[in-house]
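Here is a protein model to look through together. Let's ask what the labels on it rest on, one at a time.

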Amino acid sequence: MKTFEIITETDARVLERGETVMLARGGHITPLAQDTLRERRVTVVRDGQVSIEEAALAPVADIRRIAIASDHGGVKLRKDLVAFLRGRGLSVHDMGTDGSDPVDYPDTAAVAARSVALGETDAGIAIDGAGIGSAIAANKIRGIRAVMATTDTIARYARQHNGANVLTLGATLVSLEEAKAIVTAFVTTPMSEARYIRRLGKIRDLERS
């Protein structure tokens with residue numbers, strides 16, 4: 001992770017979109033750089049607020065690549081969301097399934113979650129009938145923080161406060177328009193406050209225990 005004593009407009013413009021960087025104790029961000037960092041969704045954490053290791057746990061702030069998978073009950077919603085997300089300019093990895101033959105939700109949720117855990121995509125979406133099973137399954141993958149959301153408020157809080165990197169949806173619980181609002185909130189909300197990022201380290205420690 002890059003560490004800066006000062007972040008200028010020039011520095012801000014060459015940082016990757018959605019990147020997390022460390023500002024040294026007593027460091028400074030110029031006013032012009034503040035605007036650019038915000039526009040590029042760069043997360044800046046200050047030395048002493050969180051460790052470098054904790055800061056690295058923050059989810060990608062500027063989601064560009066997203067994995068999406070569903071079981072047989074979520075095929076139609078998944079296909080509609082794939083078109084919606086691609087229409088927003090996102091790179092979507094459609095991981096199936098297709099058809100009406102029964103498919104087990106732990107398998108499809110794991111496919112999307114592993115793509116995120118391996119860094120192949122910035123975030124994931126898994127769909128089944130209720131979304132609950134997919135969330136349980138996805139959360140068994142190390143490094144995944146999956147949330148089942150039925151409203152855009154839950155999706156926004158899950159990102160901002162809990163650093164969720166996988167969203168699960170219940171095809172029988174939300175309409176297409178509701179799903180679009182939920183997904184939009186999920187992909188556009190960054191996690192930036194140090195107190196929230198610091199807590200991700202405790203979640204990681206639970207995985208290791």
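Q: Before we start on the sheets, how do you know that two strands pair?
A: Two strands count as paired if DSSP finds at least two bridges between them. Keep in mind that this is a predicted model.

Q: What makes E1, E2 and E3 a sheet, and in what order do they run?
A: These three strands form an open sheet in the order E1-E2-E3, and the pairing is parallel. Take E1 and strand E2 (residues 20-29): they share four bridges in the parallel sense. The cut-off is at least two bridges, so E1 and E2, with four, count as a pair. Within that pairing, Phe4 sits opposite Leu23 in E2.

Q: Why are E1 and E3 said to stand at the edges?
A: Strand E1 (3-7) and strand E3 (43-46) each have a single partner strand, so one side of each has no neighbour in the sheet. On average, neighbouring strands here are turned by 50° against each other, direction ignored.

Q: What makes helix H2 a helix that packs on this sheet?
A: Helix H2 (residues 31-39) touches E1, E2 and E3, and its direction makes about 160° with that of E2.

Q: Which strands make up the open sheet of five, and how do you know that E7 and E8 pair?
A: The order is E5-E4-E6-E8-E7, with parallel pairing. Strand E5 (91-94) and strand E7 (146-148) are at the edges; each has a single partner strand, so one side of each is left without a neighbour in the sheet. Neighbouring strands of this sheet are turned by 20° against each other on average, ignoring direction. As for E7 and strand E8 (residues 166-170), they pair in the parallel sense over three bridges. With at least two needed, those three bridges make E7 and E8 a pair. Ala146 is opposite Val166 in E8.

Q: Why is Arg78 called buried?
A: Buried means under 20% relative accessible area. Arg78 has 0% relative accessibility, so it counts as buried. You'll find Arg78 in helix H4 (residues 75-87).

Q: What makes the links from Arg78 to Asp94 and Asp98 polar contacts?
A: The side chains of Arg78 and Asp94 are joined at 2.7 Å, and the side chain of Arg78 meets that of Asp98 at 2.9 Å. Both values fall within the cut-off. Leaving out residues up to four places away in sequence, Arg78 also touches others, including Ile68, Gly96 and Ile127.

Q: How do you know that the span of helix H5 is close to what is expected?
A: Helix H5 (residues 105-117) has 13 residues and reaches 18 Å from its first C-alpha to its last, close to the 18 Å expected at 1.5 Å a residue. Just after H5, Gly119 takes a positive phi of about 80°.

Q: Which residues of H5 are buried, and what do they pack against?
A: The buried ones are Thr108, Ala109, Ala110, Ala112, Ala113, Ser115 and Val116. They pack against strand E4 (65-70), strand E6 (123-128), helix H6 (132-138) and E8.

Note on methods:
Residues are numbered from 1 along each chain as its sequence is written. This is a predicted model: local features need pLDDT of at least 70, side-chain atom pairs count only at pLDDT 80 or more; totals for chains, interfaces and linings use all residues. Side-chain values use heavy atoms; hydrogens and water are left out. Axes are lines fitted to C-alpha atoms, for helices over the stretch in contact, and angles run from 0 to 180 degrees between N-to-C directions. Buried means under 20% relative accessible area, exposed over 50%, partly exposed in between (1.4 Å probe, protein chains only). A polar contact is a pair of N or O atoms within 3.5 Å; within protein, one must be able to donate a hydrogen and the other to accept it, and residues adjacent in sequence count only if both atoms are side-chain atoms. Contact means heavy atoms within 4.5 Å. The expected span of a helix is 1.5 Å times one less than its number of residues.
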